[in-house]
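I opened this notebook to record what I looked up in the structure shown below. The entries follow the order in which I took up each topic.

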Amino acid sequence: MPILHAIVLGLVQGLSEFLPISSSAHLLFVPWLLGWDDFSGAGGESLKQSFDVALHLGTFVAVLGYFRKDVKSYVVEGTKLVLTRTKPVTTDGRLAWLFVLATIPAAAIGAIFEDQIGTALGSPLIIALSLIGFGILLGVADRAVGTRKVEDFRMPDSLKVGMAQALALNPGTSRSGITMTAARWIGFDRDAAVRISFVMSLPVIFGAVVFKMLKMFSEGGYEELLVPMAVGIVTSCISGLVAVWGTIKLVSTRNLMPFVIYRIAVGVLMLVILAFGWRENVAV
């Protein structure tokens with residue numbers, strides 16, 4: 001795998017993991033658009049999954065680093081809640097377990113239907129339609145008047161946002177996009193929706209990294225990708241930090257409409273490419 005490809009895909013992963021534009025869609029779209037076939041041939045799928053582990057590890061480090069103070073408080077207070085049964089329950093202790101609860105639907109569905117999802121989804125047509133459809137949904141939800149803060153997050157909210165997050169198993173939906181959409185829909189203000197989405201990503205990304213790393217080590221063959229994987233980790237981490245910081249800054253003064261427009265534009269571009277036969281509509 002050329003180092004340039006690793007750099008480009010690392011940047012794509014870092015930026016698109018936290019922006020509501022779908023990282024899975026872009027990691028499929030960019031190589032498809034540019035005609036890259038780094039993982040074709042025997043063992044290609046296994047190598048692709050190994051490289052994906054590296055990219056997700058980089059974005060995990062990015063969001064963990066940015067929210068390190070919040071995460072420390074959640075871990076400490078969440079642990080106290082279980083071990084010491086602290087009364088009264090602190091806000092951070094309660095939020096910690098609600099964020100974990102919100103990851104269960106996506107984790108369960110992903111683990112059970114991993115093979116089916118990989119086979120049935122991932123075609124450029126499905127990605128294009130998902131980018132457009134869920135982008136419009138994000139735009140509609142973002143126009144709602146929301147006043148609730150992160151501290152108002154309760155168990156019903158956790159279940160609703162968690163179920164919405166499960167839809168992100170479909171490439172093109174966007175994990176951050178659908179969780180922001182759900183949070184805005186149930187009354188959270190824009191800043192709270194973004195912060196809930198980002199913090200919720202930690203257990204999801206961590207679980208995915210651990211699961212895929214165990215699989216990677218058991219199957220082997222990743223050794224030839226060690227340098228590209230290292231490059232991918234660094235670039236996805238740096239670009240991920242930029243994306244988290246930039247999104248939080250943006251929503252303090254603007255709405256999410258720029259992301260909606262971008263999603264629709266990319267989706268339409270993919271449909272045009274397919275319509276003119278410049279690329280095939282095959283799973284990528």
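**Entry 1: terms and source.** I take helices (H or I, at least four residues) and strands (E, at least two) as DSSP runs, numbered from the N terminus. The model is predicted, and I note that local features need pLDDT of at least 70, that side-chain atom pairs count only at pLDDT 80 or more, and that totals for chains, interfaces and linings use all residues. Residues are numbered from 1 along each chain as its sequence is written, and side-chain values use heavy atoms, with hydrogens and water left out.

**Entry 2: overall fold.** I looked up the secondary structure and found twelve helices and zero strands. Along the sequence the pattern reads α-α-α-α-α-α-α-α-α-α-α-α.

I then turned to the dimensions. The C-alpha atoms fill a box of roughly 60 × 40 × 35 Å along the principal axes. The radius of gyration (taken over C-alpha atoms; the globule rule is 2.2 Å times the number of residues to the power 0.38) is 19 Å, which agrees with the value near 19 Å for a compact globule of 284 residues.

Of the 284 residues, 47% are buried. I count a contact where heavy atoms lie within 4.5 Å. Among contacts with a separation of 6 or more, 81% join residues 24 or more positions apart. The accessible surface (Shrake-Rupley method, 1.4 Å probe; for residues, only the protein chains shown count as cover) comes to about 13400 Å², and carbon and sulfur atoms hold 69% of that area.

**Entry 3: the cavity.** Rolling a probe the size of a water molecule over the atoms shows where empty space is left. On a 1 Å grid over the protein atoms alone, a cavity is a set of points where a 1.4 Å probe fits but cannot get out; a pocket is an open set with protein on both sides within 12 Å along at least five of seven lines; lining residues have an atom within 4 Å of a point. Grid points are joined across faces, edges and corners, and a volume is the space filled by probe spheres set on the points.

How many cavities of 30 Å³ or more does the structure hold? I found one. The largest cavity has a volume of about 40 Å³. Its lining consists of Ser46, Gln49, Ser50, Lys212, Lys215, Met216 and Glu219. Helix 3 (44-66) and helix 10 (190-219) each supply at least two lining residues, and helix 10 gives the most, with four.

I sorted residues by class: Ala, Val, Leu, Ile, Met, Phe, Trp, Tyr, Cys and Pro count as nonpolar, Asp, Glu, Lys and Arg as charged, and the others, Gly among them, as polar. The cavity lining has one nonpolar, three polar and three charged residues.

I followed two of the lining residues further. Gln49 lies in helix 3 and is partly exposed, because its relative accessibility is 23%. Gln49 and Tyr222 are 173 residues apart in sequence, and their C-alpha atoms are 9.4 Å apart in space. For Met216 I looked up the separation from Lys69: 147 residues in sequence and 31 Å in space, C-alpha to C-alpha. Lys69 belongs to helix 4 and is exposed, with a relative accessible area of 69%.

**Entry 4: the second largest pocket.** This pocket holds about 350 Å³ of space. It is lined by 15 residues, of which Val71, Tyr74, Val75, Val100 and Pro203 are the closest to its centre. Helix 3, helix 4 (68-83), helix 5 (91-112) and helix 10 each give two or more residues to the lining. Helix 4 contributes the largest share, five residues. By class, the lining has 13 nonpolar, two polar and no charged residues.

Entry 5: Most residues other than glycine have a negative phi. Which phi does Ser22 have? I read a positive value of about 80 degrees. Ser22 sits in the loop between helix 1 (3-18) and helix 2 (23-34) and counts as buried, because its relative accessibility is 1%.

Ser174 also has a positive phi, near 85 degrees. Its place is the loop between helix 8 (155-166) and helix 9 (175-185), and at 3% relative accessibility Ser174 is buried.

Ser158 lies in helix 8. Is Ser158 buried or exposed? It counts as buried, because its relative accessibility is 0%. Leaving aside residues up to four places away in sequence, Ser158 touches Leu98, Leu101, Ala102 and Phe153.

Conventions
Buried means under 20% relative accessible area, exposed over 50%, partly exposed in between (1.4 Å probe, protein chains only).
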